[in-house]
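Here is a protein to look at together. Take a moment with it before reading on.

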Amino acid sequence: MQFRRFLAVSAVALFAATAFAPAAFAQNGRPLVFGEKGMVVAASPTAAQIGQQVLATGGNAVDSVVATAAAVGLLEPNLSSPFGVGYLLYYSPEIGEVRGLEFGGRGPSGLDLSLYTSNDIRNRGALSIAVPGNIAGWVTVLEEYGTISVADAFAPTIALAEDGFPLTASMANSMNSLVNQATDSGYEETVTYWGRADGEPWKAGDIYRNQGYADTLRAVAEEGLGVVYGGRIGEQIADTVQKYGGVLSIEDLANFEPEWMTPVSTEYRGYTVYTSAPPSSGLQVLETLEILEGFDVGAMEHNSPEYLHLFMEAVNLAATDRDAYIGDPDFVDVPVEWLLSEENTEARRAALNLDEATVSYPPSYQEGTTHFAAADQWGNVVAITNTLSGGWGSRITAGDSGIIINNAYAYANHNPDHPGVIGPDRRQAWCLSPMMIFDANNEFWASVGTPGGETIQQTQAQVVVNLIDFQMDAQTAVERPRFAHTWMGQPNYDFPDFGVLSTSLDGGLPDEVYAELEAMGHPIERAERYGYTGSNAVIRFDSETGWYSGGADPRRLLYAVGL
């Protein structure tokens with residue numbers, strides 16, 4: 001209780017005292033934040049403060065990131081949830097290696113492709129749900145590498161859920177939209193937990209409380225993961241899903257476990273870049289870097305037409321391989337070594353068209369995603385990407401849990417001939433791709449991560465190049481204008497009329513850049529400021545000074561907090 005009260009009372013004061021000192025201003029005015037004893041970057045200022053306070057009270061990066069994860073699920077519930085899915089990377093000097101944890105959810109045993117007969121069925125509702133994995137991932141990494149109890153990690157968020165917190169205007173509007181849709185669909189649990197008790201719409205500044213969320217976290221802290229994976233909360237999940245026509249069962253939950261995996265990596269200009277292994281699509285980022293290494297990218301003018309065209313075409317080629325090969329390695333052979341081989345890289349470079357656009361990018365889309373990371377004074381670093389898949393997931397709240405369940409299959413592959421096709425007990429090919437970079441001395445150098453669905457692999461590659469080729473600081477690297485190929489409309493694999501491919505390009509560049517790219521055949525969607533180009537979080541470590549720096553992308557409500 002003392003730990004919980006300390007965090008609740010002191011978070012704002014300590015944030016004001018430490019977060020922005022010392023700082024240097026980057027391109028758009030956001031500060032480059034420094035921390036000698038730690039760093040947290042998260043898509044909520046309150047969640048980042050909670051993570052920082054765990055570090056301040058002696059916790060390590062794992063303790064911090066799990067406390068942050070629980071808070072993000074409450075404060076950014078449209079994009080993350082204990083009943084979502086995720087991937088993380090963990091590094092500790094003590095073990096001397098990067099480890100990956102996959103908790104991406106498997107297909108329910110009753111999953112049948114013939115059930116997905118329309119966009120509405122696959123996009124929202126009970127048949128869009130995969131086995132939830134986030135809370136299992138959080139507790140698994142905490143119990144293996146953390147130093148505090150699950151109860152202490154969840155305590156700040158339990159207090160916040162019970163005491164309440166003011167809604168931002170955007171969250172109030174988003175919750176009103178959710179309640180309207182849930183009302184139309186008859187999802188009574190969602191209306192109960194996310195609507196105002198008086199039936200009026202939410203507005204900015206309203207205090208929101210979620211006792212169900214608090215009770216669920218408390219139950220996991222006191223009874224263990226079994227309460228969700230086979231126990232009484234799991235029964236609520238399965239019963240609610242089946243009530244609305246889904247196939248997820250209590251047995252599916254009882255059989256689920258997160259899996260430790262060896263990350264995939266490549267060498268890029270003397271640095272080693274790690275990301276999550278398949279069925280994550282992180283290989284696309286590594287292959288993009290492999291293709292670009294054949295060019296003196298750092299000598300090009302950053303964000304010039306020449307630079308952007310080369311990058312766009314490299315992304316297209318790497319994405320083609322991602323679409324052709326990435327799936328669940330338990331069911332398909334994913335040729336990781338060959339995809340990153342010199343043979344394949346040379347073939348892809350030879351296929352580059354340096355004069356005109358190919359206008360080709362296969363769809364792979366999840367939009368309801370968030371990324372956060374933490375580093376501590378002992379050199380431990382955790383980078384984690386969580387998602388519901390689409391915003392507000394399935395829109396179904398599990399019983400009295402107060403928690404929205406994912407809609408993992410909204411944007412999954414339903415083609416039985418595709419390596420990434422979903423199926424019973426099968427892991428879907430996710431876009432989630434947290435990354436870590438190590439220098440030539442094999443010392444941790446940076447972590448990079450972002451939400452953004454189909455844009456994740458594209459923006460990750462651009463930020464890595466900003467950091468390495470252009471030696472930008474963490475804040476400048478995430479703020480510079482960038483592009484992303486996106487599908488306007490509904491990006492489905494199975495239904496032929498799924499949208500039109502365009503290339504979103506942030507504003508702020510000279511007019512001739514957009515004009516020259518359009519003349520080369522790129523379908524440019526010029527944003528006034530920021531397009532649909534992710535929201536990257538970067539933690540950098542300077543081995544000479546021993547200080548961390550944090551970069552928080554202004555494209556969303558992302559904050560870096562140093563200690």
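The model is predicted: local features need pLDDT of at least 70, side-chain atom pairs count only at pLDDT 80 or more, and totals for chains, interfaces and linings use all residues. Residues are numbered from 1 along each chain as its sequence is written, and side-chain values use heavy atoms, with hydrogens and water left out.

Me: How many helices and strands does the protein have?
Reply: Both are DSSP runs, numbered from the N terminus: helices are H or I with at least four residues, strands E with at least two. The protein has 18 helices and 20 strands.

Me: Why does the protein count as compact as a globular protein of its length?
Reply: The radius of gyration is taken over C-alpha atoms, and the globule rule is 2.2 Å times the number of residues to the power 0.38. For 563 residues the rule gives 24 Å. The protein is as compact as a globular protein of that length because its radius of gyration is close to this, at 22 Å.

Me: What share of the residues of the protein is buried?
Reply: Buried means under 20% relative accessible area (1.4 Å probe, protein chains only). Of the 563 residues, the share that counts as buried is 64%.

Me: Which elements do the buried residues of α7 pack against?
Reply: Helix α7 covers residues 169–185. Its buried residues include M171, L178 and V179. Contact means heavy atoms within 4.5 Å. The packing partners are α3 (61–75), α8 (188–194) and β7 (207–208).

Terms used:
Buried means under 20% relative accessible area, exposed over 50%, partly exposed in between (1.4 Å probe, protein chains only). The expected span of a helix is 1.5 Å times one less than its number of residues.
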